[in-house]
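Please read the following explanation alongside the sequence and the coordinates. It leads from the overall organisation of the chain to its helix packing and then to individual residues.

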Amino acid sequence: MAKKATSLKHDAGATAGKAKPSAGAIDPRKIRAPLTQNPHAIRDTREKVLEVAIGREVRAFRKKLGITVADLAVATDISLGMLSKIENGITSPSLTTLQALSRALGVPVTAFFRRFEEERSAVFVKAGEGLDVERRGTRAGHQYNLLGHIGSNTSGVVVEPYLITLTEDSDVFPTFQHEGMEFLYMLEGEVVYRHGSNLYPMKPGDSLFFDADAPHGPEVLTVLPMRYLSIICYPQSAG
């Protein structure tokens, strides 16, 4: 049965019953920025073609060395036109051509096939089988359940999805601050969540998306038990 909980102290200015976002908070319904990615798009079938994969690797290795197509043409004795076709995946280079490219670029021939053979990962977690983890400040009644993790990947981004369950009140709750972005989605219970100097009363169905570099965390556990999804994203080089 849901129970009322007391305020969790972060600063003396917070008032449990009157906590509201600041006057300067942005209403997400008023944001009209166009999306740059179509979530329903399907990659061109050419993405899976060997010639395209080879061409991308040749271009990537060339740019990494900081040389032009003309420089590579001189080093390999391959025409500019042929190199352009190879980099754009229009033609299938012979083994002799691949060998010349590998010598000029300083990589093994097999390096040109890396992206074509690379597998894409997926993690499936059945209900109740997530990994219980301890985060800084974790205490009795506060459960952090990691729902999946993929390390090195083609996106360059690490995503950590957590199911957070709070069943007991606490006099002190930690404030988190880390690199990346974070998305919260309330499933059960109620909370007043702090981000920086702003307070957001959240109920089931509410969400909050924010820069995680600012201090953040629950300010008032209004109704317990409480469950919410926390999805943290940061560059692979971070963390």
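The paragraphs below begin with the chain as a whole and end with single residues.

The model is a predicted one. Its protein chain holds 5 helices and 8 strands. Read from the N terminus, the elements follow the order β-α-α-α-α-α-β-β-β-β-β-β-β. The chain has 239 residues, and 33% of them count as buried. Among the contacts in the chain with a separation of 6 or more, 69% are between residues 24 or more positions apart.

Two packed helices are described by the angle between their axes and the distance between the axes. Helix H1 covers residues 50-65 and helix H4 covers residues 95-105; they pack at an angle of about 25°, with their axes 10 Å apart. Angles under 35 degrees count as roughly parallel, and H1 and H4 are therefore roughly parallel to each other. The crossing of these two helices, H1 and H4, is left-handed. On the H1 side, the contact is made by Ile54, Val58, Phe61, Arg62 and Leu65, and on the H4 side by Leu98, Leu101, Ala104 and Leu105. By class, the residues of this contact of H1 with H4 comprise 8 nonpolar, no polar and 1 charged.

H4 also packs against helix H2, which spans residues 69-76; here the angle is about 115° and the axes are 9 Å apart. Because angles of 65 to 115 degrees count as roughly perpendicular, H2 and H4 are described as roughly perpendicular to each other. The crossing in which H2 passes H4 is right-handed. From H2, the residues Leu72, Ala75 and Thr76 meet Ala100, Leu101, Ala104 and Leu105 of H4. This contact of H2 with H4 contains 6 nonpolar residues, 1 polar residue and no charged residues.

H2 passes H3 in a right-handed crossing. The residues of H2 that take part are Val69, Ala70, Leu72, Ala73 and Thr76, which meet Leu80, Leu83 and Glu87 in H3. The contact of H2 with H3 divides into 6 nonpolar residues, 1 polar and 1 charged.

Asp77 lies in the loop between H2 and H3. The phi angle of Asp77 is near 60°, a positive value in a residue other than glycine. Is Asp77 buried or exposed? With a relative accessibility of 72%, Asp77 counts as exposed, because the category applies over 50%.

Asn88 is located in the loop between helix H3 (80-87) and H4. Asn88 has a relative accessible area of 39% and is therefore partly exposed. Which side chain makes a polar contact with the side chain of Asn88? The partner is the side chain of Arg59, at 3.4 Å. Asn88 can also be placed relative to Arg56: the two residues are 32 residues apart along the chain, while their C-alpha atoms are separated by 7.3 Å.

The discussion now turns to the strands. His195 is placed in strand S5, which runs over residues 181-195. His195 has a relative accessible area of 17% and is buried, because that value falls under 20%. A polar atom of the His195 side chain lies 2.9 Å from the backbone oxygen of Asp211. Leaving aside residues up to four places away in sequence, His195 touches Tyr200, Phe210, Asp211, Ala214, Pro215 and His216.

Strand S8 covers residues 216-235 and includes Pro225. The peptide bond that joins Leu224 and Pro225 is cis, with omega about 0°.

Note on methods:
Residues numbered from 1 in each chain as written. Predicted model: local features only at pLDDT ≥ 70, side-chain atom pairs only at ≥ 80, totals over all residues. Heavy atoms only, no water. Helix = DSSP H or I, 4+ residues; strand = E, 2+ residues; numbered from the N terminus. Buried < 20%, exposed > 50% of the residue type's maximum accessible area, 1.4 Å probe, protein only. Polar contact = N/O pair within 3.5 Å; in protein donor to acceptor, adjacent residues only side chain to side chain. Contact = heavy atoms within 4.5 Å. Axes fitted to C-alpha atoms, helices over the stretch in contact; angles between N-to-C directions. Parallel < 35°, antiparallel > 145°, perpendicular 65-115°, else oblique. Left-handed = near helix turned anticlockwise from the far one by under 90°. Nonpolar A, V, L, I, M, F, W, Y, C, P; charged D, E, K, R; others polar.
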